[in-house]
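Welcome! Have a look at the structure first, and then read on.

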Amino acid sequence: MKKLLIVLTVSLFAFIESNAQVQYKVVTSVESIVPNGLGRSRIISANDTKDYKEFTSTQTEEDNTRNKSKRGEIRVKGFDETKLLNFYNIGGIRFQNIAANDAIIESKINTMIEEGWELAFVTSGVESSGGKGDNQGIFITRYIFKRNK
């Protein structure tokens, strides 16, 4: 009987978890890899919400009308912008800046976890041609959080 009660309790929690509505939140860190400290580095977190359907069109053979949304309609005005330090300064790569960014990003993650969010996924990438005279480059990381509504 005790085993049956445990199985039923676990099944109930599994059922509740699977039927719970989940919401996601994306937080993005953009860290400059531009030489001489000329870039900008930030953590960006949108406060406004958007419905992607408003900016989506479905292409078919019969109807290939593209979505005519204006950039201003898509832009978000309400967001948090947290300053980070650039990876490079005039002397080259600055490890102290990387450690400072880690501490700030860690603080953001810990705060979100305290607010009931769970870090679900992390993905990152780098954009830089790396060729001679390349003065462009970012290291971008997306932190995807989730929680039950």
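## Layout of the chain

Along the sequence, the protein chain runs in the order α-β-β-α-β-β-β-α-β-β. That makes three helices and seven strands, where helices (H or I, at least four residues) and strands (E, at least two) are DSSP runs numbered from the N terminus. Of the 149 residues in the chain, 21% are buried; buried stands for under 20% relative accessible area, exposed for over 50%, and partly exposed for what lies in between (1.4 Å probe, protein chains only).

A few notes on how to read the values: this is a predicted model, in which local features need pLDDT of at least 70 and side-chain atom pairs count only at pLDDT 80 or more, while totals for chains, interfaces and linings use all residues. Residues are numbered from 1 along each chain as its sequence is written, and side-chain values use heavy atoms, leaving out hydrogens and water.

## The largest pocket

Rolling a probe the size of a water molecule over the atoms shows where empty space is left. Here a 1 Å grid over the protein atoms alone is used: a pocket is an open set of points with protein on both sides within 12 Å along at least five of seven lines, a cavity is a set where a 1.4 Å probe fits but cannot get out, and lining residues have an atom within 4 Å of a point. Points are joined across faces, edges and corners, and a volume is the space filled by probe spheres set on them.

The largest pocket holds about 330 Å³ of space. Its lining has 13 residues, and Lys25, Val26, Ala46, Asn47 and Asp48 are the ones nearest the centre. Strands β1 (22–32) and β2 (41–46) each contribute at least two lining residues, with β1 giving the largest share, four residues. Sorted by class, the lining has six nonpolar, four polar and three charged residues. In this scheme Ala, Val, Leu, Ile, Met, Phe, Trp, Tyr, Cys and Pro are nonpolar, Asp, Glu, Lys and Arg are charged, and the others, Gly among them, are polar.

## The cavity

There is one cavity of 30 Å³ or more in the structure, and the largest cavity has about 30 Å³ of space. Around it sit Val27, Ser29, Ile43, Ile105, Lys108, Ile109 and Tyr143.

## A salt bridge between strands

Side chains of opposite charge can pair when their charged atoms come close. How many salt bridges does a search of the whole structure find? The search finds one, counting a side-chain nitrogen of Lys or Arg within 4 Å of a carboxyl oxygen of Asp or Glu. The partners are Arg42 and Glu81, whose closest N and O atoms are 2.9 Å apart. Arg42 belongs to strand β2 and Glu81 to strand β3 (residues 79–84), so the pair ties together parts 39 residues apart in sequence. Arg42 is buried at 18% relative accessibility, whereas Glu81 is partly exposed at 46%.

## Strand β7

Ile144 lies in strand β7 (residues 138–148) and is partly exposed, at 22% relative accessibility. Ile144 and Thr28 are 116 residues apart in sequence, yet their C-alpha atoms are 8.6 Å apart in space.
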